[in-house]
Amino acid sequence: MMLEVKNLMVFYENALALNDFSFHVLEGEFVSVLGPNSAGKTTMMNSISGLLEEMRVREARRGGVRITVLGEILYKGDNILGVKPKNRVKRGIVLARERHPIFRESDVVENLKIAGYLHGSGSVRQDIHSVFELFPTLERFKNRKAGFLSGGEQQMLMIGMVLTARPHLLLLDEPLLGLSPMLQRNLVEAMKHINHKGITQLVTEQFARPLLPFIDRGYILENGMHTLSGTGQELMDNPEVKSAYFGI
Ligand code: ATP
(Lines give C-alpha, C1' and ligand atoms only; values in the text may rest on other atoms or scores of the structure.)
Protein backbone atom coordinates (compact mmCIF):
# COMPACT_ATOMS: atom_id res chain seq x y z
CA MET A 1 0.00 0.00 0.00
CA MET A 2 1.46 3.36 -1.01
CA LEU A 3 -0.90 5.65 0.85
CA GLU A 4 -3.66 5.03 3.33
CA VAL A 5 -5.66 7.92 4.72
CA LYS A 6 -7.80 6.91 7.68
CA ASN A 7 -10.70 8.95 9.05
CA LEU A 8 -9.08 12.27 8.23
CA MET A 9 -10.87 15.23 9.80
CA VAL A 10 -9.71 18.82 9.46
CA PHE A 11 -11.27 21.81 11.16
CA TYR A 12 -10.46 25.46 10.49
CA GLU A 13 -11.72 26.90 13.77
CA ASN A 14 -15.14 25.24 14.06
CA ALA A 15 -15.64 24.77 10.33
CA LEU A 16 -15.25 21.20 9.17
CA ALA A 17 -13.23 21.07 5.92
CA LEU A 18 -12.75 17.29 5.82
CA ASN A 19 -15.23 14.98 7.50
CA ASP A 20 -13.98 11.49 8.24
CA PHE A 21 -12.39 10.95 4.84
CA SER A 22 -10.75 7.56 4.29
CA PHE A 23 -9.17 6.35 1.09
CA HIS A 24 -6.11 4.58 -0.21
CA VAL A 25 -3.75 4.51 -3.15
CA LEU A 26 -1.93 1.33 -4.18
CA GLU A 27 1.57 1.34 -5.55
CA GLY A 28 1.54 2.21 -9.26
CA GLU A 29 -2.05 3.45 -9.26
CA PHE A 30 -3.44 6.61 -10.84
CA VAL A 31 -6.15 7.81 -8.46
CA SER A 32 -8.23 10.95 -8.48
CA VAL A 33 -10.24 12.80 -5.86
CA LEU A 34 -12.95 14.74 -7.63
CA GLY A 35 -15.07 17.46 -6.17
CA PRO A 36 -16.43 20.96 -6.64
CA ASN A 37 -15.01 24.20 -5.24
CA SER A 38 -14.26 24.14 -1.52
CA ALA A 39 -14.96 20.40 -1.27
CA GLY A 40 -11.73 20.06 0.71
CA LYS A 41 -9.37 18.89 -2.05
CA THR A 42 -6.54 21.32 -1.28
CA THR A 43 -6.90 20.66 2.45
CA MET A 44 -6.50 16.95 1.74
CA MET A 45 -3.43 17.45 -0.48
CA ASN A 46 -1.88 19.76 2.10
CA SER A 47 -2.47 17.13 4.78
CA ILE A 48 -0.59 14.54 2.75
CA SER A 49 2.27 16.86 1.75
CA GLY A 50 2.64 18.21 5.29
CA LEU A 51 1.89 21.84 4.40
CA LEU A 52 -1.24 21.76 6.55
CA GLU A 53 0.73 20.68 9.61
CA GLU A 54 3.18 23.50 8.97
CA MET A 55 0.30 25.92 8.61
CA ARG A 56 -1.27 24.59 11.82
CA VAL A 57 1.91 25.16 13.83
CA ARG A 58 2.45 28.64 12.34
CA GLU A 59 -1.13 29.71 13.01
CA ALA A 60 -0.99 28.35 16.57
CA ARG A 61 2.23 30.29 17.22
CA ARG A 62 0.80 33.59 16.09
CA GLY A 63 -2.65 33.00 17.58
CA GLY A 64 -4.33 32.81 14.15
CA VAL A 65 -6.80 30.31 12.71
CA ARG A 66 -7.05 27.26 14.92
CA ILE A 67 -6.48 24.21 12.74
CA THR A 68 -7.32 20.77 14.12
CA VAL A 69 -6.30 17.57 12.35
CA LEU A 70 -7.54 14.13 13.39
CA GLY A 71 -7.00 10.74 11.82
CA GLU A 72 -4.04 8.96 10.30
CA ILE A 73 -2.00 9.24 7.14
CA LEU A 74 0.06 6.15 6.43
CA TYR A 75 2.72 6.26 3.73
CA LYS A 76 4.30 2.90 2.91
CA GLY A 77 2.96 1.75 6.26
CA ASP A 78 4.35 4.60 8.43
CA ASN A 79 2.21 7.27 10.05
CA ILE A 80 3.65 10.50 8.64
CA LEU A 81 1.42 13.11 10.30
CA GLY A 82 4.31 14.59 12.27
CA VAL A 83 6.91 14.43 9.47
CA LYS A 84 8.09 17.79 8.04
CA PRO A 85 7.15 18.56 4.42
CA LYS A 86 10.76 18.55 3.22
CA ASN A 87 11.35 15.15 4.80
CA ARG A 88 8.20 13.88 3.11
CA VAL A 89 9.69 15.06 -0.20
CA LYS A 90 12.86 13.13 0.62
CA ARG A 91 10.73 10.06 1.21
CA GLY A 92 9.12 10.51 -2.19
CA ILE A 93 5.90 12.43 -1.52
CA VAL A 94 5.99 15.42 -3.84
CA LEU A 95 3.20 17.96 -4.32
CA ALA A 96 2.68 20.01 -7.47
CA ARG A 97 0.45 22.90 -6.60
CA GLU A 98 -1.45 25.37 -8.63
CA ARG A 99 0.69 28.48 -9.06
CA HIS A 100 3.83 26.65 -8.00
CA PRO A 101 6.69 29.12 -8.16
CA ILE A 102 8.66 29.19 -11.40
CA PHE A 103 11.51 31.58 -12.17
CA ARG A 104 9.95 33.83 -14.77
CA GLU A 105 13.18 35.57 -15.76
CA SER A 106 14.99 32.27 -16.34
CA ASP A 107 14.50 30.07 -19.37
CA VAL A 108 12.98 26.60 -19.40
CA VAL A 109 16.27 24.70 -19.15
CA GLU A 110 17.50 26.96 -16.33
CA ASN A 111 14.29 26.41 -14.41
CA LEU A 112 14.66 22.65 -14.70
CA LYS A 113 18.32 22.84 -13.67
CA ILE A 114 17.49 24.95 -10.62
CA ALA A 115 14.75 22.52 -9.61
CA GLY A 116 17.11 19.57 -10.08
CA TYR A 117 19.83 21.17 -7.95
CA LEU A 118 17.35 22.20 -5.27
CA HIS A 119 16.17 18.62 -5.07
CA GLY A 120 19.73 17.36 -4.95
CA SER A 121 19.31 15.37 -8.14
CA GLY A 122 22.45 13.46 -9.08
CA SER A 123 21.86 13.69 -12.83
CA VAL A 124 20.11 16.86 -13.85
CA ARG A 125 20.84 16.25 -17.53
CA GLN A 126 18.98 12.94 -17.41
CA ASP A 127 16.09 14.61 -15.56
CA ILE A 128 15.80 17.31 -18.23
CA HIS A 129 15.90 14.69 -20.95
CA SER A 130 13.00 12.80 -19.32
CA VAL A 131 10.98 15.99 -18.91
CA PHE A 132 11.43 16.83 -22.61
CA GLU A 133 10.38 13.32 -23.53
CA LEU A 134 7.20 13.86 -21.57
CA PHE A 135 6.56 17.40 -22.78
CA PRO A 136 7.98 17.88 -26.30
CA THR A 137 6.48 21.41 -26.30
CA LEU A 138 8.86 22.38 -23.53
CA GLU A 139 11.82 21.23 -25.56
CA ARG A 140 10.70 23.45 -28.44
CA PHE A 141 10.73 26.42 -26.08
CA LYS A 142 13.69 25.35 -24.02
CA ASN A 143 15.46 28.71 -24.32
CA ARG A 144 12.36 30.80 -23.76
CA LYS A 145 11.95 32.71 -20.50
CA ALA A 146 9.39 30.96 -18.33
CA GLY A 147 7.46 34.22 -17.92
CA PHE A 148 6.74 34.21 -21.66
CA LEU A 149 5.27 30.70 -21.74
CA SER A 150 1.50 30.24 -21.98
CA GLY A 151 -0.43 29.09 -18.90
CA GLY A 152 -0.48 25.50 -20.12
CA GLU A 153 3.24 25.49 -20.89
CA GLN A 154 4.00 26.95 -17.47
CA GLN A 155 1.92 24.16 -15.98
CA MET A 156 4.01 21.58 -17.87
CA LEU A 157 7.21 23.28 -16.70
CA MET A 158 5.96 23.25 -13.13
CA ILE A 159 5.24 19.51 -13.32
CA GLY A 160 8.63 18.96 -14.98
CA MET A 161 10.33 20.81 -12.12
CA VAL A 162 8.51 18.71 -9.57
CA LEU A 163 9.52 15.50 -11.36
CA THR A 164 13.21 16.32 -10.82
CA ALA A 165 12.53 15.46 -7.16
CA ARG A 166 11.96 11.87 -8.40
CA PRO A 167 8.64 11.31 -6.63
CA HIS A 168 7.32 7.89 -5.67
CA LEU A 169 3.94 9.44 -4.96
CA LEU A 170 3.17 12.47 -7.10
CA LEU A 171 0.38 14.70 -5.79
CA LEU A 172 -1.20 17.01 -8.36
CA ASP A 173 -3.62 19.57 -6.98
CA GLU A 174 -6.04 20.73 -9.69
CA PRO A 175 -3.53 20.65 -12.52
CA LEU A 176 -6.18 21.19 -15.22
CA LEU A 177 -7.57 24.41 -13.80
CA GLY A 178 -7.69 27.23 -16.31
CA LEU A 179 -6.46 25.14 -19.25
CA SER A 180 -8.22 24.78 -22.60
CA PRO A 181 -9.77 21.36 -23.36
CA MET A 182 -6.90 20.58 -25.72
CA LEU A 183 -4.24 21.40 -23.14
CA GLN A 184 -6.20 19.45 -20.56
CA ARG A 185 -6.04 16.43 -22.85
CA ASN A 186 -2.30 16.87 -23.39
CA LEU A 187 -1.70 17.13 -19.69
CA VAL A 188 -3.80 14.07 -18.85
CA GLU A 189 -1.84 12.12 -21.47
CA ALA A 190 1.39 13.28 -19.87
CA MET A 191 0.07 12.11 -16.48
CA LYS A 192 -0.62 8.73 -18.03
CA HIS A 193 3.00 8.58 -19.28
CA ILE A 194 4.27 9.58 -15.83
CA ASN A 195 2.18 6.75 -14.42
CA HIS A 196 3.61 4.29 -16.95
CA LYS A 197 7.07 5.21 -15.73
CA GLY A 198 6.04 3.69 -12.41
CA ILE A 199 5.18 6.87 -10.51
CA THR A 200 2.05 6.56 -8.37
CA GLN A 201 -0.26 9.54 -8.78
CA LEU A 202 -2.99 11.20 -6.80
CA VAL A 203 -4.76 13.99 -8.66
CA THR A 204 -7.50 16.30 -7.44
CA GLU A 205 -9.86 17.88 -9.93
CA GLN A 206 -13.13 19.64 -10.47
CA PHE A 207 -13.23 18.43 -14.06
CA ALA A 208 -14.14 14.76 -14.28
CA ARG A 209 -14.55 14.57 -18.03
CA PRO A 210 -10.90 14.59 -19.16
CA LEU A 211 -9.68 12.45 -16.25
CA LEU A 212 -12.18 9.64 -15.73
CA PRO A 213 -11.27 7.68 -18.87
CA PHE A 214 -7.64 7.50 -17.70
CA ILE A 215 -7.65 6.94 -13.96
CA ASP A 216 -7.61 3.58 -12.21
CA ARG A 217 -9.94 4.68 -9.43
CA GLY A 218 -11.62 7.81 -8.19
CA TYR A 219 -13.30 9.22 -5.09
CA ILE A 220 -15.93 11.93 -5.09
CA LEU A 221 -15.65 14.49 -2.31
CA GLU A 222 -18.44 16.92 -1.50
CA ASN A 223 -18.43 19.35 1.43
CA GLY A 224 -15.56 17.43 2.97
CA MET A 225 -17.42 14.15 2.75
CA HIS A 226 -16.72 11.13 0.63
CA THR A 227 -19.86 10.32 -1.32
CA LEU A 228 -18.91 7.84 -4.06
CA SER A 229 -15.96 5.84 -5.29
CA GLY A 230 -15.15 3.35 -8.00
CA THR A 231 -13.05 2.68 -11.05
CA GLY A 232 -12.93 5.42 -13.67
CA GLN A 233 -15.42 3.42 -15.77
CA GLU A 234 -17.80 2.83 -12.84
CA LEU A 235 -17.82 6.53 -12.05
CA MET A 236 -18.37 7.44 -15.70
CA ASP A 237 -21.37 5.08 -15.78
CA ASN A 238 -22.80 6.34 -12.49
CA PRO A 239 -25.99 8.38 -13.07
CA GLU A 240 -25.19 10.81 -10.22
CA VAL A 241 -21.73 11.48 -11.58
CA LYS A 242 -23.17 11.86 -15.07
CA SER A 243 -25.62 14.52 -14.02
CA ALA A 244 -23.24 16.38 -11.70
CA TYR A 245 -20.11 16.30 -13.85
CA PHE A 246 -21.22 15.65 -17.38
CA GLY A 247 -24.50 17.51 -17.46
CA ILE A 248 -26.34 14.45 -18.78
P1 ATP B 1 -11.01 24.77 -4.47
O2 ATP B 1 -11.33 23.91 -5.62
O3 ATP B 1 -11.82 26.02 -4.39
O4 ATP B 1 -9.54 25.00 -4.25
P5 ATP B 1 -10.93 22.74 -2.42
O6 ATP B 1 -11.76 21.55 -2.72
O7 ATP B 1 -9.47 22.66 -2.65
O8 ATP B 1 -11.54 23.97 -3.18
P9 ATP B 1 -10.27 23.62 0.26
O10 ATP B 1 -9.43 24.75 -0.23
O11 ATP B 1 -9.60 22.46 0.86
O12 ATP B 1 -11.24 23.10 -0.90
O13 ATP B 1 -11.32 24.22 1.31
C14 ATP B 1 -12.21 23.44 2.07
C15 ATP B 1 -12.95 24.34 3.05
O16 ATP B 1 -12.04 24.81 4.04
C17 ATP B 1 -13.54 25.58 2.40
O18 ATP B 1 -14.78 25.81 3.01
C19 ATP B 1 -12.55 26.66 2.72
O20 ATP B 1 -13.16 27.92 2.80
C21 ATP B 1 -12.01 26.23 4.07
N22 ATP B 1 -10.60 26.68 4.25
C23 ATP B 1 -9.55 26.35 3.51
N24 ATP B 1 -8.40 26.90 3.96
C25 ATP B 1 -8.75 27.62 5.07
C26 ATP B 1 -8.03 28.42 6.01
N27 ATP B 1 -6.71 28.59 5.92
N28 ATP B 1 -8.74 29.01 6.99
C29 ATP B 1 -10.07 28.84 7.09
N30 ATP B 1 -10.79 28.09 6.25
C31 ATP B 1 -10.17 27.49 5.24
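Start with E205. Its side chain reaches the backbone nitrogen of L176 at 2.8 Å. That is a polar contact, meaning a pair of N or O atoms within 3.5 Å; within protein, one must be able to donate a hydrogen and the other to accept it, and residues adjacent in sequence count only if both atoms are side-chain atoms. E205 sits in strand β8, residues 200–205. Helices (H or I, at least four residues) and strands (E, at least two) are DSSP runs, numbered from the N terminus.

This is a predicted model: local features need pLDDT of at least 70, side-chain atom pairs count only at pLDDT 80 or more, and totals for chains, interfaces and linings use all residues. Residues are numbered from 1 along each chain as its sequence is written, and side-chain values use heavy atoms, with hydrogens and water left out.

Back to E205. Which side chain of opposite charge is nearest to E205? It is K41, 7.5 Å away. E205 is buried yet has no salt bridge. Here Lys and Arg count as positive and Asp and Glu as negative; His and the chain ends are not counted. Buried means under 20% relative accessible area, exposed over 50%, and partly exposed in between, with a 1.4 Å probe and protein chains only. A salt bridge is a side-chain nitrogen of Lys or Arg within 4 Å of a carboxyl oxygen of Asp or Glu.

K41 brings us to the ligand. The residues around the ligand include Y12, S38, K41, E174 and Q206. Being near takes one heavy atom within 4 Å. By class, the shell has four nonpolar, six polar and two charged residues. Ala, Val, Leu, Ile, Met, Phe, Trp, Tyr, Cys and Pro count as nonpolar, Asp, Glu, Lys and Arg as charged, and the others, Gly among them, as polar. Helix α1, residues 41–49, gives the most to this shell, with three residues.

For a backbone N or O atom of K41, the distance to a ligand oxygen is 2.8 Å. Q206 uses its side chain: an N or O atom there is 3.4 Å from a ligand oxygen. How much of the ligand does the protein bury? Taken alone, the ligand exposes 640 Å², and the protein buries 62% of that. Those areas come from the Shrake-Rupley method with a 1.4 Å probe; for residues, only the protein chains shown count as cover.

Next, salt bridges. The count comes to nine. In one of them, R217 and E29 meet at 2.8 Å, N to O. The pair links distant parts of the chain: R217 is in strand β9, E29 in the loop between β2 and β3, 188 residues apart. R217 and E29 are both buried.

Another joins D127 and R166, with the closest N and O atoms 2.7 Å apart. D127 is in helix α5, R166 in the loop between α7 and β7. D127 counts as buried because its relative accessible area is 5%. R166 is partly exposed, at 46%.

Last, some backbone angles. Most residues other than glycine have a negative phi. D20 has a positive phi of about 60° although it is not a glycine. D20 lies in strand β2. K76 also has a positive phi, about 50°. K76 lies in the loop between β4 and β5. At 42% relative accessible area, K76 is partly exposed.
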